[in-house]
Amino acid sequence: MFDNSKIDIWFSQMDTDNVKTSVRVEKQLYSGQSDYQRIDVFQSQEFGKMIVLDGEIIFSEADEFIYNEMVVHVPMAVHPHVKNILIIGGGDGGVARLCTDYPEVEHIDVVEPDELFINVSRQFFPSAAEGFNDPRVSVINMDGLRYLRRYTDHYDLIINDSTDPFGHTAGLFTKEFYGSCFRALKEDGIMVYQHGSPFYDEDEEAFRSMHRKVCRVFPISRVYQACIPTCPAGYWMFGFASKKYHPLTDFDPARWKARGLRTWYYTINLHRGAFMLPKYVEDLLEEEEDRK
């Protein structure tokens, strides 16, 4: 008789041509192909359920709180009066869920083209997807750049939660996209976005290019960091771009702390520390700023 308990199954993600991250999985819960990407869901002992898009781990139950808290609480602790938020991507609902913790927020638009991704997230990650159930949240299934072209001076905060500067989301990492975000933001608006990681050589150029493009559009552009185990090298970075507010000099820790929000990763001390970058990252960013 065949003993299933002796099967050793691993999911491997290729971080570079020479490095891969492997996680032992107990079983595959879902596999499907949308018009945009392949979607897989795995159950693992270490990270709980993981969602994988085109072979790359997007988030897991064990560490999704790190990413979500850093893209939401950092700008919300700086901007004094966020009412309208645009989330580009965000098909799992986790970012929207945290945004709904702020009572002053009046409306949240989630623009995610892949309807299947949303449905899979609702089925397998209901605690994250519960953000979609808030009456302030609207979900729009369309391309983010095409959606942005409709708006001028409309949003207080834009969070670019798209997954990758390649493939069907490539248009969300162009100079036109950042210019469209600038126009869609109000005069004191903030944009936060995934900045990737420059640790591996093959990712460095995309990292440089992103910072160079944003610096040419926004008067204030800073990069901050977090340690996320399922990201390549376990090290991930975010961009903070603003028309008016600086992420440190306009940071109001007392106002944010008075909210009494429960967090697992973000703190007011971590907020400051996240912008203190390693020397090699500082050098990369400064080189691109000098090329403006």
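**Entry 1: fold and overall size**

I counted secondary structure and found 10 helices and 12 strands in the chain. Helices here are DSSP runs of H or I with at least four residues, strands are runs of E with at least two, and both are numbered from the N terminus. I noted that this is a predicted model, where local features need pLDDT of at least 70, side-chain atom pairs count only at pLDDT 80 or more, and totals for chains, interfaces and linings use all residues. Residues are numbered from 1 along each chain as its sequence is written, and side-chain values use heavy atoms, with hydrogens and water left out.

Next I checked the dimensions. The C-alpha trace spans about 70 × 45 × 35 Å along its principal axes. The radius of gyration is 19 Å, and a compact globule of 292 residues would have one near 19 Å, so the two agree. I took this radius over C-alpha atoms, with the globule rule as 2.2 Å times the number of residues to the power 0.38.

I then looked at burial. Of the 292 residues, 55% count as buried. Buried means under 20% relative accessible area, exposed means over 50%, and partly exposed lies in between (1.4 Å probe, protein chains only).

**Entry 2: salt bridges**

How many salt bridges does the structure hold? I found 15. The criterion is a side-chain nitrogen of Lys or Arg within 4 Å of a carboxyl oxygen of Asp or Glu. Side chains of opposite charge can pair when their charged atoms come close.

Arg24 and Asp8 came up with a side-chain N to O distance of 2.7 Å, a salt bridge. Arg24 sits in strand β2 (residues 20-33) and Asp8 in the segment before β1 (9-14), so the pair ties together parts 16 residues apart in sequence. Arg24 is partly exposed at 46% relative accessibility. Asp8 is partly exposed at 46%.

Arg259 and Glu104 form a salt bridge at 2.7 Å, N to O. Arg259 is in the loop between α8 (253-257) and α9 (268-274), and Glu104 is in the loop between α2 (94-99) and β7 (107-111), so this pair ties together parts 155 residues apart in sequence. Arg259 is partly exposed, with a relative accessible area of 26%. Glu104 is partly exposed, with 26%.

Lys279 and Asp283 meet at 2.9 Å, N to O, in a salt bridge. Both lie in helix α10 (residues 279-290), four residues apart, about one turn of the helix. Lys279 is exposed, at 54% relative accessibility. Asp283 is partly exposed, at 27%.

Which residues are linked in a network of salt bridges? I listed Glu204, Glu205, Arg208, Arg212, Glu287 and Glu288.

**Entry 3: a negative patch**

I searched the surface for gathered charge. Glu282, Glu286, Glu289 and Asp290 form a patch of negative charge there. Patches take residues with over 30% relative accessible area and no salt bridge, joining like charges within 9 Å and nonpolar side chains (Val, Leu, Ile, Met, Phe, Trp, Tyr) within 5 Å. Areas come from the Shrake-Rupley method with a 1.4 Å probe, and for residues only the protein chains shown count as cover. Lys and Arg count as positive, Asp and Glu as negative; His and the chain ends are not counted. Each charge is placed at NZ of Lys, CZ of Arg, CG of Asp or CD of Glu.

I followed up one of these residues. Glu282 is found in helix α10. Glu282 is partly exposed, at 32% relative accessibility.

**Entry 4: positive phi**

Asp153 has a phi of about 55°. Asp153 is placed in the loop between α5 (144-148) and β9 (155-161), and counts as partly exposed at 47%.

Ala233 also turned up, with a positive phi near 65°. Ala233 lies in the loop between β11 (220-227) and β12 (235-242). Its relative accessibility is 38%, partly exposed.

**Entry 5: Asp63**

Is Asp63 buried or exposed? I found Asp63 buried, with a relative accessible area of 3%. Asp63 lies in the loop between β5 (56-60) and α1 (64-76). I also checked Asp63 against Cys227: they are 164 residues apart in sequence and 9.6 Å apart in space, C-alpha to C-alpha.
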